[in-house]
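Hi,

Here is the structure I promised to pass on to you. Have a look at it first, and then read my notes below.

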Amino acid sequence: MSALRPGVITDEMIQAMDAAKRQGLQKDLRALAANIRADAEGRYDSAEPGWRSGVEWTLLWIENTAAQLTQSGGADGRQGVSPE
């Protein structure tokens, strides 16, 4: 990497910032899934029909979204962020 001037943002910096954002969001999504799972435990037996499948579908969607953040570079499939 060449010498940087103050205020210069390189592609490597943008990629590092994007990776940090994805990792933070991924961690938040996984924590959300864990909280939902813990809150739902013990409620399945007394819940209305379909409630359990709704919770399971939601957990699956959250986990898949978190996994996509690592695999594809972002939930929308983009590989970077704009510095604007």
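A quick definition before we start: helices (H or I, at least four residues) and strands (E, at least two) are DSSP runs, numbered from the N terminus. By that count, the protein has two helices and zero strands. Q26, for instance, sits in helix α1.

Some housekeeping: this is a predicted model, where local features need pLDDT of at least 70, side-chain atom pairs count only at pLDDT 80 or more, and totals for chains, interfaces and linings use all residues. Residues are numbered from 1 along each chain as its sequence is written, and side-chain values use heavy atoms, with hydrogens and water left out.

Now, burial. I call a residue buried under 20% relative accessible area, exposed over 50%, and partly exposed in between (1.4 Å probe, protein chains only). Of the 84 residues in the protein, 19% are buried. Q26 is one that counts as buried, with a relative accessible area of 14%. What does Q26 touch, leaving out residues up to four places away in sequence? Its contacts (heavy atoms within 4.5 Å) are A66, A67, L69 and T70.

On to helix α2, which covers residues 51-71. Its 21 residues reach 30 Å from first C-alpha to last, close to the 30 Å expected at 1.5 Å a residue (the expected span being 1.5 Å times one less than the number of residues). Buried in α2 are V55, L59, I62, T65, A66 and L69. They lie on the same side of α2 because they cover an arc of only 125° around the axis, the arc being that of the directions from the helix axis to the C-beta atoms. The buried residues of α2 pack against α1, while the face turned away from the buried side carries the exposed residues W57 and Q71.

Last, the salt bridges (a side-chain nitrogen of Lys or Arg within 4 Å of a carboxyl oxygen of Asp or Glu). How many turn up in a search of the whole structure? Two:

- D18 pairs with R22, with the closest N and O atoms 2.7 Å apart. Both are in helix α1 (residues 11-40), four residues apart, or about one turn of the helix. D18 counts as buried, at 6% relative accessibility.
- E63 pairs with R30, with the closest N and O atoms 3.1 Å apart. This pair links distant parts of the chain, E63 in α2 and R30 in α1, 33 residues apart. E63 is partly exposed at 25%, and R30 is partly exposed at 36%.

Cheers
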